[in-house]
2 protein chains.
Amino acid sequence: MVKWVYTFGAGKAEGSSDMRDLLGGKGAGLAEMANLGLPVPPGFTITTEVCTYFYENERRFPPQLAADVETALGFIGRLTGKAFGDNEAPLLLSVRSGARASMPGMMDTVLNLGLNDVTVRALAQNSGDERFAYDSYRRFIQMYSSVVLGIGHHHFEDAVEYHKEARGVTFDTELGAEDWEKLIVAFKAKVVEASGKPFPQAPKEQLWGAIAAVFGSWLTPRAITYRRIHGIPANWGTAVNVQAMVFGNMGPTSATGVAFTRNPSTGAKELYGEFLLNAQGEDVVAGIRTPNAITEASRCAAGSDQPSMETALPAVFAEFVRATELLERHYRDMQDVEFTVENGKLWMLQTRTGKRTSVAALRVAVDMTHEGLIARDEAIARVDPASLDQLLHPAIDPVATRKVIATGLPASPGAASGEIAFTADEAEQMKNMGRKVILVRIETSPDDIHGMHAAEGVLTTRGGMTSHAAVVARGMGKPCVTGAAAIRVDYANATMSAAGVTFKRGDMLTLDGATGEVIQGAIEMSQPELSGEFAILMKWADEVRRMQVRANAETPPDARAARKFGADGIGLCRTEHMFFETDRLTAVRQMILADDLAGRRAALAKLLPMQRGDFIELFEIMGGLPVTIRLLDPPLHEFLPQTAAEIDEVAEALGVPAEKICSRLADLREVNPMLGFRGSRLAIAFPEIAEMQARAIFEAAVEVKRRTGELVRPEIMTPLIIAKPEFDLIKAKVDAIARTVAEETGQAVPYTVGTMVETPRASLRAGEIAESAAFLSFGTNDLTQTCMALSRDDASSFLGRYVALGILPADPFVTIDQDGVGELVAIGVERSRAARPGIKLGICGEHGGDPATIAFCEKLGLDYVSCSPFRVPIARLAAAQATLRRKASNTD
Amino acid sequence: MVKWVYTFGAGKAEGSSDMRDLLGGKGAGLAEMANLGLPVPPGFTITTEVCTYFYENERRFPPQLAADVETALGFIGRLTGKAFGDNEAPLLLSVRSGARASMPGMMDTVLNLGLNDVTVRALAQNSGDERFAYDSYRRFIQMYSSVVLGIGHHHFEDAVEYHKEARGVTFDTELGAEDWEKLIVAFKAKVVEASGKPFPQAPKEQLWGAIAAVFGSWLTPRAITYRRIHGIPANWGTAVNVQAMVFGNMGPTSATGVAFTRNPSTGAKELYGEFLLNAQGEDVVAGIRTPNAITEASRCAAGSDQPSMETALPAVFAEFVRATELLERHYRDMQDVEFTVENGKLWMLQTRTGKRTSVAALRVAVDMTHEGLIARDEAIARVDPASLDQLLHPAIDPVATRKVIATGLPASPGAASGEIAFTADEAEQMKNMGRKVILVRIETSPDDIHGMHAAEGVLTTRGGMTSHAAVVARGMGKPCVTGAAAIRVDYANATMSAAGVTFKRGDMLTLDGATGEVIQGAIEMSQPELSGEFAILMKWADEVRRMQVRANAETPPDARAARKFGADGIGLCRTEHMFFETDRLTAVRQMILADDLAGRRAALAKLLPMQRGDFIELFEIMGGLPVTIRLLDPPLHEFLPQTAAEIDEVAEALGVPAEKICSRLADLREVNPMLGFRGSRLAIAFPEIAEMQARAIFEAAVEVKRRTGELVRPEIMTPLIIAKPEFDLIKAKVDAIARTVAEETGQAVPYTVGTMVETPRASLRAGEIAESAAFLSFGTNDLTQTCMALSRDDASSFLGRYVALGILPADPFVTIDQDGVGELVAIGVERSRAARPGIKLGICGEHGGDPATIAFCEKLGLDYVSCSPFRVPIARLAAAQATLRRKASNTD
């Protein structure tokens, strides 16, 4: 027979903490505390299986349930010496929901259940406090009506206000027992008026109403939405916890409070919490009275003159400290507990793992490992990798006042203040004059890179989380807000307006890249400090993780950041980013504008020494770590000037007619550049470009070997491949250059040639391609764009709606779409491995720094992930966690 | 022991026609003719396996081969009474290559092999004709030197010219035996000069030199290129045929010729060929003398006064007729034969299946079926579906002179002449004035549809085989040339220039959509006539084919064309095409410019009756055949005006400020519209559009049922789906409208809702999607774009190179890329069938009319293909052939 009800109390329980799925989080915690001998008001949990039954049987309960509840009520009665529905010694109950995961939108709590016009008098008599009894009753009517009967609080509050006015008083505390008695009459009338039925007087009816309301709240729209957003399965269900009431508002030796076993902000090992004398739980939450500190130490630290619990209730405090220490040791994690003191007697009402800041999470994990409470693996598992972002970037002082003028997408974390610049050149000039700049653009293009470099932060009014601005800013580790559509930028007048205010060039602006907020004026920032715990945890993570973590980096600052953040090498060096500095850009443009091969070769000859210099510097910084260099990828038009003024300027600089630039631009113009003449298509059409790049790479490797003695093994990567012969043609060119350079220099450079897998076709043909390619790097940005027909530059107009409607579980540019893009990656992995066992496989691009994607990569057994330098620590930790999870599931 | 050599002659052969793979086409034909008792000069075939051996063993022959050849030479000697290398009765040989498929670029023929300074005298003596003997010898030296020794013909021709000049004569025929004898001395000196070695005198050396040259020519660059282009595997190899020489140039009763057993132009059952008295084969080809007709009938028809073979050599003619009749009956197909008559004796030298025009192919196939020579299935299999295009479109008179000014892509077949118009409006105005128009655009957009309708043909200077212009023109059955990049269009001055000529509006231009040629002036056209054989073959094909063939059609003319060409229904009705007529466009624009839902609804209310009218007409034309209607697909900006002038005009017409249009255009502007806010994304964002369309469909179905009594079962299709919930949301809207209309009209319309599969993700998730979708239509155009990251609008800049380099086997927009896109379709088919057995599956889009793709669809077991109305006959035939091939391979 199925067991639907689990009791607890008096030092034992039918359940335990490992029955969380069945009892919910709260129920499991109560059972465990009872088992530990902690004082828990006796009660019982109705299991989540009842919830499932309820929904599978047209909202009916299992036939056996009523009898089981009856038995459990008898159990509580025996322990409390009371009886539910008894008119002399009435047992009063609390009814609380308790899902596996804490979930807003669910019915929360009904207190004082069991009170009615008769039992309230018994309560008054037994407690010796009439006001307390009637106050409890009216609270019950109010709470029950709201959460069970759906009658809004305001109905009752209006009545209270009206009554206070009539009595000429201001505060609830000024009302006495008689006032509440009168108000109860008014409350009951309100219930009849709103629901057409009298307030239920039968305690049993009250109880089953509350139980049904808890289960019913599992399918409210708000709960459904919450579950969808947080990925909680609907069939988990919720449990219901029914407990004997204990009262924190029975007088000066009663109290209620909440506490953390460690400081949730800093992670320091100190009891941290608040309490209120003579109050019920809701009073703490309501914020009418200011709660007091629990320990003397924290009272002193806060400079409060209100007594701490340590001094006000010393015996109870001592017992409470023992209880919290026991709980933390038992759960081996920081606990967040709720308690009530009834007439000097401590009752524990809840324990759960405490939420904490990233700083605290890090410290608690490391401290607990050092204390021997947890193993290193567990410390690694406990820190949310994404939360490290907070530690690596400046943040706005949390207490500062923010004048938010618009909110866009939190495209790159961190915060920055600076003067507005509307063009990249402007930003650079202002920076050169020693000013801090925020670059504001409708959207950015590769032409703006120098301005982004100069700026403290970047704001765009278009584009999504993976727009050009977002990707580049993340790469640079600079805060960025994109798609702030409420801001209108007027380039012509060098102004922007939002929230009715117009800003001009030089006005001060602050960006919060963590929230997407755009803030008027400058705000105080807190600078990140990498604690000792950070370095310790990272070291532990590195010892555990199987996958390499590389960085996407091409400039010397990027490469240095990559090393600083512990990258195992460079997984993606986008050579085109080397082409945007002024001297290179001129030669690149000459190459694009050349009429023939000879002209292109002449321009490439100018680029060769610069490109070689780039690679020499990169190889030297990376000091022998692997560097994967991708050949030129973007469509050529990205290198040409776009506006008439720019065209004229460039025409003059290059000494070519402006019409020539216009005509070449027109030739290169494409309807869908993402699917156009780019990637390896450039190398097939203009092999001389790939040849120049290969030569620069090999010559640089030879030079670095000569200078440092360090052997460089470049990994050369072709972009956007769709077929094996395409790869083979380019590889043949690279191999030929390698031979030539070896002959010229007398030194052969060890190298490999591999390819990006960025198209569904490349994934499908990965078996063939792997016959020639030494490694594959899945470019999941482009693979997402092609697999889903989703332009990352254009998706902002509908992608939010798609996620909100649940069509897609998440932004697929942030977390890999496992069901679609992920399957393509899996296919590519499987086929390439079959063709070339041991082939090196990785992913590069934005997903490489996303913990969920990293877990997926571990599942596929990839060799490495590559991400922005600033996300390398996140990826290191996520990779370690993924390794641990895989090992755990392997041993299952 | 492997048999390397197969002999034939004197009424029998070791080989036969079914040993084509081993003996090559020519060798198999010779063996078969010998077996049939036809007079074939005795000889032997060295097999293709020797070729394979040759390349696998560093160009050495199998050890046994020399002995086998020796034996075979003995066999020829016994039959001819001569001996190879004998100085009295020398056996002379011809050596010819013979691969499985006829292949240019291979060494072709060496005649008169075995002649040297000694045997030439024996030949003179035995033939009694010194001049013939020395002429034969010098021809041999010349031919052998060219094809075996690689010494160009010009070396020898120079010597002949020099000699003729010295002798004061003009024609070769004026040279006598002595002249040739002297020239032979000069020729041999040339050989020493050019090769450093004397011309080989030993017949054996000559023979092995020729055999090695044939095998060696298998790997010449030209042969390799030809094989790559025609998909002939390199390991097929070639055979070598060695035969006793017969001479057509031995006097007035000798001759040589070629003939077809039926007329290869018309297919008429009549012997058709040419011959030359007293000539060798090469003389016919060289074109020095004009050949004569073989039959009297054809001599009379040609009005020639030269005697036909029928009168000149009546006995030989009669024997020849019997031979050709025997061959045609035996091979059950039109044969193309070569023959030589030596001193009144007929020798058959070759027989093979004759090439023919589409008209002839059709007629021969149908006639032979009626004659009982072949079965219907074979008639169906014999006509190349693609060739039907010639029969369905006007063609340029083949003898007309063409002044080609540029060549683009043959984007839509047929030919047309007309006056140049540079805008759609211009085209429409000129058409209204009764003039024929060629619309010339850099590229076309949906805005140009009315101009394309008005024009006879369309020319663009950009875009590929599946650019907008190409797709729409094919849909309309109009000739179209795209991507004619050599033409420069100047809209501002309304001129275009090419090949140094400038054309202005109204100048006459001709397009040949079959070749891509753009021709100056007007040219005579031949109009298509659909013969009775066409209808007969189509009927046979329809009886055989398993797949439905539907048409892509939305306008009444398209739908009527679809029915006329025998479509089984409409597979793709692109509703957006209904929106481009002026009255609808205005309402569509109002909808797009509306600020809110109410504004959109108001505009949609105007569209509803028009759209309903469209569907009523379509359903009536299709008379109960199925119609699949796709909801709005293209990005909205396509409906807005683009140029400043158009914007002003529209702004005035709609009574909105031009800035509003500009601002909306800016909002809708996308970097990659193909991957942007389009397809079902529109229906998710603006469900009211899909609702209006669904209502129009259901109301039209009700109305047509009322008018005609015919039950309409619309198939409603969502475009560009990426996930099941997306489809479900739209289907729910459609279902709701269906219920509403049923309630309003009292009549429920039977309907289904399915979806396009146009993204890799939709293919991968087809299992899920099929749980809700009643049918899937693979949109292989977009699937190709996404699978290969290949924008069809932009691919022209590199796709040609990709095909030429062999990176891709064919233009993937013309023939489906089976290895990539095809696998995605296969995955979609498999997964959707697993989820919903019997789900209706098809493809729509350009590939639906491509025979190779249709064969692939049959292999996957799709239920239908859908293509342009004008390609429906092609698809019907191709589908029948695919069914036959599948059945044949199933029974193998």
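1. Let's start with how β1 and β3 of chain B pair. In this predicted model, strand β3 (residues 43-46) of chain B runs antiparallel to β1(B), and four bridges join the two. Strands here are DSSP E runs of at least two residues, helices are H or I runs of at least four, and both are numbered from the N terminus; two strands pair if DSSP finds at least two bridges between them. One of the facing positions is V5(B), which stands opposite I46(B) in β3(B).

2. On to β2(B). Strand β2 (residues 12-13) of chain B pairs with β1(B) in the antiparallel sense, over two bridges. G9(B) has K12(B) as its bridge partner, and F8(B) has A13(B). Two residues lie between the strands of this hairpin, and A10(B) takes a positive phi near 55° there.

3. Is β1(B) buried or exposed? Five of the five residues of strand β1 (residues 5-9) of chain B are buried, so this strand is largely enclosed by the rest of the structure. For accessibility, buried is under 20% relative accessible area, exposed is over 50%, and partly exposed is in between, with a 1.4 Å probe and protein chains only. In a regular strand, side chains alternate between the two faces of the sheet. In β1(B), V5(B), T7(B) and G9(B) point one way while Y6(B) and F8(B) point the other way, and all are buried.

4. Most residues other than glycine have a negative phi. R332(B), although not a glycine, has a positive phi of about 55°. R332(B) sits in the loop between α13 (314-331) and β10 (335-342) of chain B, and counts as partly exposed because its relative accessibility is 31%. L720(B) is not a glycine either, and has a positive phi of about 45°. The loop that holds L720(B) lies between β28 (715-718) and α28 (724-745) of chain B. At 0% relative accessibility, L720(B) counts as buried.

5. Rolling a probe the size of a water molecule over the atoms shows where empty space is left. A cavity here is a set of points, on a 1 Å grid over the protein atoms alone, where a 1.4 Å probe fits but cannot get out; lining residues have an atom within 4 Å of a point. Grid points are joined across faces, edges and corners, and the volume is the space filled by probe spheres set on the points. How many cavities of 30 Å³ or more are there? The count comes to six, and the largest cavity holds about 60 Å³ of space.

6. What lines that largest cavity? The lining consists of L631(B), L632(B), G679(B), L682(B), A683(B), F686(B), I689(B), A690(B), Q693(B) and P719(B). The elements giving two or more residues to this lining are α26 (680-685) and α27 (687-708) of chain B. The largest share, three residues, comes from α27(B). By type, the lining divides into eight nonpolar, two polar and no charged residues. In this grouping Ala, Val, Leu, Ile, Met, Phe, Trp, Tyr, Cys and Pro are nonpolar, Asp, Glu, Lys and Arg are charged, and the others, Gly among them, are polar.

7. Chain B can be laid on chain A with an RMSD of 0.3 Å by a turn of 180° and a shift of 0.2 Å along the axis. That is the relation of a two-fold axis. The superposition is by least squares on the C-alpha atoms of residues with pLDDT of at least 70 in both copies. Of the interface residues of chain B, 100% are also interface residues in chain A, so the copies meet through the same surface.

8. Two residues illustrate that interface, taking contact as heavy atoms within 4.5 Å. N672(B) lies in the loop between α25 (658-668) and α26 of chain B, and is buried, with a relative accessible area of 2%. Leaving aside neighbours within four places in sequence, N672(B) is in contact with V671(A), N672(A), P673(A), M674(A), S791(A), D793(A) and D794(A). D794(B), in the loop between α31 (780-788) and α32 (799-804) of chain B, is buried at 5%.

9. A word on conventions. Residues are numbered from 1 along each chain as its sequence is written, and chains are lettered from A and ligands numbered from 1 in the order in which they are written. Local features need pLDDT of at least 70, side-chain atom pairs count only at pLDDT 80 or more, and totals for chains, interfaces and linings use all residues, while side-chain values use heavy atoms, with hydrogens and water left out.

Note on methods:
1 Å grid on protein atoms, 1.4 Å probe; cavity = no way out; pocket = protein on both sides within 12 Å on 5 of 7 lines; lining within 4 Å.
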